[in-house]
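Trainee: I would like to learn how to read a protein structure. Could you take me through some features one by one?

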Amino acid sequence: MIIYKSEAEIEMMRKSSQIVAKVLSELKELVKPGVETRELDIYAENRARELGAVPAFKGYRGYPASLCVSINEEIVHGIPSSRKLKEGDIVSLDFGVVYQGYYGDAAITLPVGQVSDLARKLIEVAERSFYRGLEQMKEGNRLSDISAAIQAEVEKAGFSVIRAFVGHGIGRSLHEEPQVPNFGLPGHGPRIKPGLTLAIEPMIAAGHWEVEVLDDGWTAVTQDRSLAAHYEHTVALTDNGVEILTLDQDSSMISAVGGRVNA
Ligand code: MF3
Ligand code: CO
């Protein structure tokens, strides 16, 4: 069952989501060659708590950290460690918090120093495919219109969409219905209407889409070890259109429209 949110609940989700946005934008500044991924995790956890929130992932199904840090062929759920980022890596940071009972969840993939043209393009396509999907989040459309738009954008670029992981509803739980695949035919699933809150999160690979989970039980990598990228926001459809709740309101770098994009 999909839990549609009232305006008051969406306002709560704006608060949790803005904490996620703030922490991620601060983490961006820390991403450079030589940083240990666990330093990023510690920073994220401390900042979330300072801001009155609780990290959402720690302890979720036994996940051991607050942040997921996935490097190069790692797609999602990379566990922070003493591994150091190095020039030329791409790194995905996935972070979620719960604040006063409501969740926010977002991810970005960043270049570490100078990266290859392929890596840069992969990062851009992950982000662009999110926006193509978001454009379909409008009243009367069906859920799989989002999925199909993401897939089309990714495959147009010659990349592939990961099948084994999907986006999700979000609210008083980190994962609610519906599942939001990043692939599929348009015109299927529930009709989209105001109050729908989703974490839309394309995960894409430069090579093939099959995944493997490493022996740590968490880290998902591409089976062919091709590069992967991930981009995620918590979004809501309100009576005023679609809104990206986890877009950093303080950062002029990310969006000229102040975080509110009307479809
Ligand atoms: N953004 C991911 C998700 O929504 C992060 C989950 S990590 C986990 O599924 F550890 F919490 F599972
Ligand atoms: Co998510």
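Mentor: We will go through aromatic pairs, charges over rings, backbone angles, a pocket and some distances. Keep in mind that this is a predicted model.

Trainee: Let us start with the rings. How is a pair of aromatic rings described?

Mentor: A pair of aromatic rings is described by the distance of the centres and the angle of the planes. Now the case here. A search of the whole structure gives four aromatic pairs. One of them joins Tyr63 and Trp218: the ring centres are 4.9 Å apart and the planes stand at 80°, so this pair is edge-to-face. The cut-off for that label is an angle over 60 degrees.

Trainee: Where do Tyr63 and Trp218 lie along the chain?

Mentor: Tyr63 is in the loop between strand S1 (54-55) and strand S2 (67-71). Trp218 is in the loop between strand S11 (211-213) and strand S12 (220-222). The two are 155 residues apart in sequence, so the pair ties together separate parts of the chain.

Trainee: Are Tyr63 and Trp218 buried or exposed?

Mentor: Both Tyr63 and Trp218 are buried. Another pair is Phe130 with Tyr131. Its rings are 5.0 Å apart, centre to centre, with 85° between the planes, and it is edge-to-face. Phe130 has 0% relative accessibility, so it counts as buried.

Trainee: Which residues form one aromatic cluster?

Mentor: Phe130, Tyr131 and Tyr231 make up one aromatic cluster.

Trainee: Now the backbone. What should I look for?

Mentor: Most residues other than glycine have a negative phi, and most peptide bonds are trans. Look for departures from that. The bond between Glu177 and Pro178 is a cis peptide bond, with omega about 0°. Pro178 belongs to strand S8 (residues 176-180).

Trainee: And which residues other than glycine have a positive phi?

Mentor: His77 is one of them, with phi near 65°. Its place is in the loop between strand S3 (74-76) and strand S4 (90-99). At 24% relative accessibility, His77 counts as partly exposed. Gln100 also has a positive phi, of about 45°. Gln100 sits in the loop between S4 and strand S5 (102-111). With 53% relative accessibility, Gln100 counts as exposed.

Trainee: How do I find a pocket?

Mentor: Rolling a probe the size of a water molecule over the atoms shows where empty space is left. In this model, the largest pocket has a volume of about 520 Å³. Its lining has 23 residues.

Trainee: Which residues lie nearest the centre of the largest pocket?

Mentor: They are Tyr60, His77, Val166, His168 and His175. Strand S7 (167-169) and S8 are the elements that give two or more residues to the lining.

Trainee: How many residues of the lining are nonpolar, polar and charged?

Mentor: Eleven are nonpolar, six are polar and six are charged.

Trainee: Can we look at one residue of S8?

Mentor: Take Glu176, which is found in strand S8. Its relative accessibility is 12%, so Glu176 counts as buried. A polar atom of the Glu176 side chain lies 3.1 Å from the backbone nitrogen of Arg172.

Trainee: Last topic. How far apart in space are Arg38 and Ser81?

Mentor: Always check two separations: one along the chain, one through space. Arg38 and Ser81 are 43 residues apart in sequence and 4.8 Å apart in space, C-alpha to C-alpha. Arg38 lies in helix H2 (residues 37-50). Arg38 is partly exposed, at 41% relative accessible area.

Trainee: What separates the C-alpha atoms of Gln18 and Arg172?

Mentor: They are separated by 16 Å, and by 154 residues along the chain. Gln18 is found in helix H1 (residues 7-30). Gln18 has a relative accessible area of 22%, so it is partly exposed.

Conventions: Residues are numbered from 1 along each chain as its sequence is written. Chains are lettered from A and ligands numbered from 1 in the order in which they are written. This is a predicted model: local features need pLDDT of at least 70, side-chain atom pairs count only at pLDDT 80 or more; totals for chains, interfaces and linings use all residues. Side-chain values use heavy atoms; hydrogens and water are left out. Rings of Phe, Tyr and Trp (its six-membered ring) pair if their centres lie within 6.5 Å; planes under 30 degrees apart count as stacked, over 60 as edge-to-face and the rest as tilted. Helices (H or I, at least four residues) and strands (E, at least two) are DSSP runs, numbered from the N terminus. Buried means under 20% relative accessible area, exposed over 50%, partly exposed in between (1.4 Å probe, protein chains only). On a 1 Å grid over the protein atoms alone, a cavity is a set of points where a 1.4 Å probe fits but cannot get out, and a pocket is an open set with protein on both sides within 12 Å along at least five of seven lines; lining residues have an atom within 4 Å of a point. Grid points are joined across faces, edges and corners, and a volume is the space filled by probe spheres set on the points. Ala, Val, Leu, Ile, Met, Phe, Trp, Tyr, Cys and Pro count as nonpolar, Asp, Glu, Lys and Arg as charged, and the others, Gly among them, as polar. A polar contact is a pair of N or O atoms within 3.5 Å; within protein, one must be able to donate a hydrogen and the other to accept it, and residues adjacent in sequence count only if both atoms are side-chain atoms.
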